[in-house]
Amino acid sequence: MNKLIEVHELYRYYDTHCAVNNVSFQLEKGQILGFLGPNGAGKSSTMQMICGNLAPTSGEIRITGIDMLEDPRGAKRALGYLPETPPLYSELTVDEYLDYCARLHQVPTGQRREAVTSARERTGLADTGSRLIGHLSKGYQQRVGIAQAIVHNPQVVILDEPTVGLDPVQIREIRELVRELGREHGVILSTHILPEVQEVCTHVQIINRGKMVLSTSIEGLAQNMDAGSMVFATQQPVDSAMIMSVEGIRQIENLSQCRYRIYFDRNRNPAPALAARVVDAGWGLIEMTPEKLNMEQIFIDLTKGDLS
């Protein structure tokens, strides 16, 4: 089954406040979904409902085709979850803890040792089985948290802020681990680190004030990041009126002497006509550079002000 998670018209009210408002999406095998939203947007409530820790007011959640409300135990068997603070026991060794988690997930007795060894190897913990968790670095403790989420080989892995508090080297290692998990599982990655989404995820969703305001692939996001602006420079000052007469250009801004920014309709590329206009007028074209929005700007644009 390719559809690992199906969320349909999900609502969650706290008294009269609607924290999650008509959210729908799907997750398929091989996808790494970056789930973003500002504080108070409804992201945590949505994640908790998907994991079965919070009941929705209305809506449907299916995990590998199993309805979360009708058969929560069956649905949760296909889930592995790493909360923002890993649920670790510092007085246990890595193997003792992972064996305990395997028992909680009802891994058969004869398969537990193999499951624990596989989880350690996949998360870069091969030589740490006998070490106390409390003696491990922050990065390795995070790896143990991910290992407990996959020890029962779930089809869906949900990771909540897996790189918080790690140093740059550890962040790079965890990101590579998430990519590896994405090859065999469906992964939901909740994070506030925007470059992480671009580097790791195949799809991205942004929720704001309970509503989904963006749901697209990373390729679609890249297209959205093509901003409708361009900087150009000339040897001589230009006639702004003549520039504005080029089809698609909406505004021209003077940045400095003989250096300008134009804004244009995104579905029209005025670059060829603009270059021809500058050359024909004899102004001497020196530079023409399209500008791109970054992920941070898209996030801010989608989550500020009125949703309309």
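This is a predicted model: local features need pLDDT of at least 70, side-chain atom pairs count only at pLDDT 80 or more; totals for chains, interfaces and linings use all residues.
Local features here need pLDDT of at least 70 and side-chain atom pairs count only at pLDDT 80 or more, while totals for chains, interfaces and linings use all residues. Residues are numbered from 1 along each chain as its sequence is written, and side-chain values use heavy atoms, with hydrogens and water left out.

**View 1. Helix H3 (residues 94-104) crossing helix H4 (residues 109-122).** Helices (H or I, at least four residues) and strands (E, at least two) are DSSP runs numbered from the N terminus. The two axes come within 9 Å and cross at roughly 120°; axes are lines fitted to C-alpha atoms, for helices over the stretch in contact, and angles run from 0 to 180 degrees between N-to-C directions. That makes H3 oblique to H4 (under 35 degrees is roughly parallel, over 145 roughly antiparallel, 65 to 115 roughly perpendicular, and the rest oblique). On the H3 side, Val94, Asp95, Leu98, Asp99, Ala102 and Arg103 make the contact, and on the H4 side Arg112, Val116 and Arg120 (contact means heavy atoms within 4.5 Å). Sorted by class, that's four nonpolar, no polar and five charged residues; Ala, Val, Leu, Ile, Met, Phe, Trp, Tyr, Cys and Pro count as nonpolar, Asp, Glu, Lys and Arg as charged, and the others, Gly among them, as polar.

**View 2. H3 again, now against helix H5.** Here the axes come within 9 Å and cross at roughly 30°, so H3 and H5 are roughly parallel to each other. Val94, Tyr97, Leu98 and Cys101 of H3 meet Val144, Ala147 and Gln148 of H5. The tally for this contact is six nonpolar, one polar and no charged.

**View 3. H5 packed on helix H6 (residues 168-184).** The axes sit 10 Å apart at an angle of about 15°, which makes H5 roughly parallel to H6. From H5 come Gly139, Arg143, Ile146 and Ile150, facing Gln170, Glu173, Ile174, Leu177 and Leu181 from H6.

**View 4. The largest pocket and its lining.** A pocket is an open set of points on a 1 Å grid over the protein atoms alone where a 1.4 Å probe fits, with protein on both sides within 12 Å along at least five of seven lines; lining residues have an atom within 4 Å of a point. There are 31 lining residues, with Leu79, Cys101, Leu104, His105 and His152 nearest the centre. H4 gives the largest share, six residues. The lining holds 17 nonpolar, nine polar and five charged residues.
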